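Student: I have a sequence and a model to go through. Can we take the helices and the charged side chains in turn?

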Amino acid sequence: GFSGSFEVTVVTDFEDVDPNEYYYTPVLWALDNDITSGTSDTEFSPKAPCKRSQAVTFLWRAAGEPRSTSKNNPFVDVKPGDYFYEAVLWAVEKGITDGVDDTHFDPEGVCSRSHVVTFLYRAFGAPAVGNAANPFQDVLANKWYAEPVRWAVKEDITDGVTDTEFRPDDTCNRAQVVTFLYRAYN
């Protein structure tokens, strides 16, 4: 019989997804669950900034692509036929985002780390975090994203960029977004 051990390795077609990186398993999960595909047949673009339209769509797909009950679309820059149209309607209805102003969603706008964690926190119903710790010196208690970040730490969704820095204003890249989602849903 066969004896000894062997390792199962899953290979992606993406040349830019290193099996040794923190985001390898999250990327595989996101691909397996149709949350995202690559930016081409051979690239995932893990370091590319995640756009607002992408972040909301990834979140919507992770939630099972729920349909919004309302067809209210306040945004002039979100149109039927856009790949993110249903995702945005759902996100607005659920209070996950309200756009950058009353009539603009800014689909091409780049998400910061604090935006993505806040979207995720709201998607999970903005749960109470009690006295959950905030280990980050750069997340002040009076900031709009302080509670979402504390929730994300409590739920092991983030451990920051360093032990003491969350870097809320840094651009959230595609690898970080799928990692936040993977940790939230697993």
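Tutor: Start with α5, which is mostly covered. This is a predicted model.

Student: How many of the 9 residues of α5 are buried?

Tutor: Buried means under 20% relative accessible area. In α5, that group includes A146, P148 and W151. The count for the helix is 7 of 9.

Student: Which helix do the buried residues of α5 pack against?

Tutor: The buried set of α5 also includes V149, R150, A152 and V153. Their packing partner is α4.

Student: Is α4 largely enclosed or largely open, and why?

Tutor: Helix α4 spans residues 113-123. Its buried residues include R113, F119 and Y121. Because 8 of its 11 residues are buried, the rest of the structure leaves α4 largely enclosed.

Student: What covers the buried residues of α4?

Tutor: Those residues include V116, V117 and L120. Their cover includes α2 (52-62), α5 (146-154) and α6 (174-185).

Student: Which residue just after α4 has a positive phi?

Tutor: Look just past the end of the helix. The phi there is about 90 degrees, and the residue is G125.

Student: Which residue following α5 has a positive phi?

Tutor: Here the phi is near 60 degrees. The residue is D156.

Student: Now the charges. Is E86 buried or exposed?

Tutor: E86 sits in helix α3. Beyond four places in sequence, E86 contacts W60, R67, S68 and K71. The cut-off for buried is under 20%. With a relative accessibility of 16%, E86 is buried.

Student: Which residues are joined with E86 into one salt-bridge network?

Tutor: R67 meets E86 in a salt bridge at 3.2 Å, N to O. K71 forms another with E86, its closest N and O atoms 3.5 Å apart. Shared partners make one network, so E86 is joined with R67 and K71.

Student: How many residues apart are K51 and E108, which meet in a salt bridge?

Tutor: Their side chains meet at 2.8 Å, N to O. K51 is in the loop between α1 (24-32) and α2, while E108 is in the loop between α3 and α4. The pair links distant parts of the chain, 57 residues apart.

Student: Is D101 buried, partly exposed or exposed?

Tutor: D101 lies in the loop between α3 (85-93) and α4. Together with D98, D102 and D106, D101 forms a negative surface patch. Its relative accessible area is 35%, so D101 is partly exposed.

Methods: Residues numbered from 1 in each chain as written. Predicted model: local features only at pLDDT ≥ 70, side-chain atom pairs only at ≥ 80, totals over all residues. Heavy atoms only, no water. Buried < 20%, exposed > 50% of the residue type's maximum accessible area, 1.4 Å probe, protein only. Helix = DSSP H or I, 4+ residues; strand = E, 2+ residues; numbered from the N terminus. Contact = heavy atoms within 4.5 Å. Patch = residues over 30% accessible without salt bridge, like charges linked within 9 Å, V, L, I, M, F, W, Y side chains within 5 Å. Areas by Shrake-Rupley, 256 points an atom, 1.4 Å probe, with all protein chains shown as cover. Salt bridge = Lys/Arg side-chain N within 4 Å of Asp/Glu carboxyl O. Lys, Arg positive; Asp, Glu negative; His and termini not counted. Charge placed at Lys NZ, Arg CZ, Asp CG, Glu CD.
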